[in-house]
Amino acid sequence: MKKVFDFNDVSLGVEFGSTRIKAVLVDSQCNVIETGSYDWENQLVNGIWTYSLDDVWKGLQSAYKSLKDNVFSEYGIKIKKISSMGFSAMMHGYLPFDKNGNQLAEFRTWRNTITYDASKKLTECFSFNIPQRWSISHLYQAILNNEIHVENISFLTTLAGYVHWKLCGEKVLGVGEASGMFPIDSNKNDYDAVMLENFSALSEVKKYSWNIKDILPKVLVAGDSAGTLTDEGALLIDPSGDLQSGSIMCPPEGDAGTGMTATNSVRVRTGNVSAGTSIFSMIVLEKPLSKLYEEIDMVTTPTGKPVAMVHCNNCCTDLDYWVKLFIQFNDICGGNLTKAQIYDLLYNEALKADADAGNMINFNYFSGEPVAHLDGGRPLFARCENAKFNLPNFMRTQIYSAMAALKVGMEILEKENVKIEFLNGHGGLFKTKYVGQRLMAGAMNTPVAVMSTAGEGGAWGIAILARFALNNQNKSLEDYLDEFIFSKYESSVVEPVAEDVDGFKKYMNLYKKALAVEKSAVENI
């Protein structure tokens, strides 16, 4: 039976992911009504991983039209009024604009590892880890490079902040996304004042007329109203003119914050792991870490609580390329297996493998991997002379590879005695039931939960935040999620299997030794 929804009170969430822009329409209880999507890819242009801003709007309009058409096809209703909406995107990066709103440099995404000098110097200056992908790293690197555009910067933002600004005119960011632009003081939910002063005092920065305080977006927290959709913004989403202005806008967030929201991982001692094009874990801390770690990013939840984040640039891309070979083989053999069936078959083969993957190793580095201290990447598969070279071991090697860099960072949190009750998993690695969940549990030696909503992802997460901004009922975000959203959904939890835990440790020993081979490949291939 077709569900009945009140289309007079709906909310929209849109997330600009690395390979897909997804739109989700929800009802007043955050039940998903319909979705729409648009596939896109980053481009390597003059050594910079980037997306054209024209593609941003083409993608948004296409994803929304897909959603709108699906609603009309299913319910015979043309969407006109949306109560609240929110926009999210792949985290951080660099988007500078002048006082007239003109883009000054190409959008430099999280995937770039071109800011090593800036990252290192700022980390020393702040005594706080500043990753290469953070906006302040990109800005300072542009300064160190003497790039001409820097003197004309009037506003610096992220992709999520840019889209939000153009739709409602407000230059704001949610605190979680802002924490990847510049360090946040969680006691004030604003940029760290001392570090702002330290940045301004740098000799290379002093020559510019702008002040860092003035060019960063204003910081907001979940539940705040972040403006309303303008007439111009409505046309940017829906050029047909059907969509009306006036929607309440929630603070724009990055995919880290929406991932935490979509997996109910915003309380202390909760955590989630997102495994798609990139892989990252987010652990909400009870207390600060004992010292600075270059492998650990300190960010926040959408309400400003401190979070230890392990972010790795590479996850499923290399794995997907290997699976494509099997898809091609299926096609030339005249096979009738679908793409999804081939993925499921290959993933399940990994469960038949030796726990240590049979002395085979894989590096899935399409780009640099800061956690492994590599500025470049070369996908690389290797095996020992005594390797047990069979399909199950090969597939387990590929899945282990998607998790290995993350483990390097998580080992630091283990030594810090960070308590994690369980990890909530979401993303493409978990699409095949049980396999990715079990192997992740073994790799991290932590129970891994996957909710029935895991497939909805960050677009649903930002839709929830949009709903929270509209009607939070004076609840904290933590209580709102527990009581109004997740109490009705099921979650499956897989405990670590001792054999997998021991096997992954052996795999990691070989992986760490073989990093020298990967480094040589980067230098010589």
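Analyst: A residue counts as buried when its relative accessible area is under 20%, as exposed when that area is over 50%, and as partly exposed in between. Please note that this is a predicted model.

User: Why is Trp165 called buried?

Analyst: The relative accessible area of Trp165 is 12%. The cut-off for a buried residue is under 20%, so Trp165 is buried. Tyr162, with a relative accessible area of 6%, is therefore buried by the same rule.

User: Where do Tyr162 and Trp165 lie?

Analyst: Both belong to helix H4 (residues 159–168), where they are 3 residues apart, about one turn of the helix.

User: How many aromatic pairs are there, and why is the pair of Tyr162 and Trp165 called edge-to-face?

Analyst: The count is 33 aromatic pairs. For Tyr162 and Trp165, the ring centres are 6.3 Å apart, and the limit for a pair is within 6.5 Å. Their planes meet at 70°; over 60 degrees is edge-to-face, so this pair receives that name.

User: What makes Trp322 and Phe381 an edge-to-face pair?

Analyst: Their ring centres lie 6.1 Å apart and their planes stand at 70°, so the pair is edge-to-face. This pair links distant parts of the chain: Trp322 is in helix H11 (residues 317–332) and Phe381 is in strand E20 (residues 380–383), 59 residues apart.

User: Why do Trp322 and Phe381 count as partly exposed?

Analyst: Trp322 has 25% relative accessibility and Phe381 has 21%.

User: How many cavities of 30 Å³ or more are found, and what is the volume of the largest cavity?

Analyst: The search of the whole structure finds 2 cavities of 30 Å³ or more.

User: Which residues line the largest cavity, and how do they divide by class?

Analyst: The lining includes Met91, His92, Glu177 and Met309. By class, it has 5 nonpolar, 5 polar and 2 charged residues.

Notes. Residues numbered from 1 in each chain as written. Predicted model: local features only at pLDDT ≥ 70, side-chain atom pairs only at ≥ 80, totals over all residues. Heavy atoms only, no water. Phe/Tyr/Trp six-rings, centres within 6.5 Å; stacked < 30°, edge-to-face > 60°. Helix = DSSP H or I, 4+ residues; strand = E, 2+ residues; numbered from the N terminus. Buried < 20%, exposed > 50% of the residue type's maximum accessible area, 1.4 Å probe, protein only. 1 Å grid on protein atoms, 1.4 Å probe; cavity = no way out; pocket = protein on both sides within 12 Å on 5 of 7 lines; lining within 4 Å. Points joined across faces, edges and corners; volume = space filled by probe spheres on them. Nonpolar A, V, L, I, M, F, W, Y, C, P; charged D, E, K, R; others polar.
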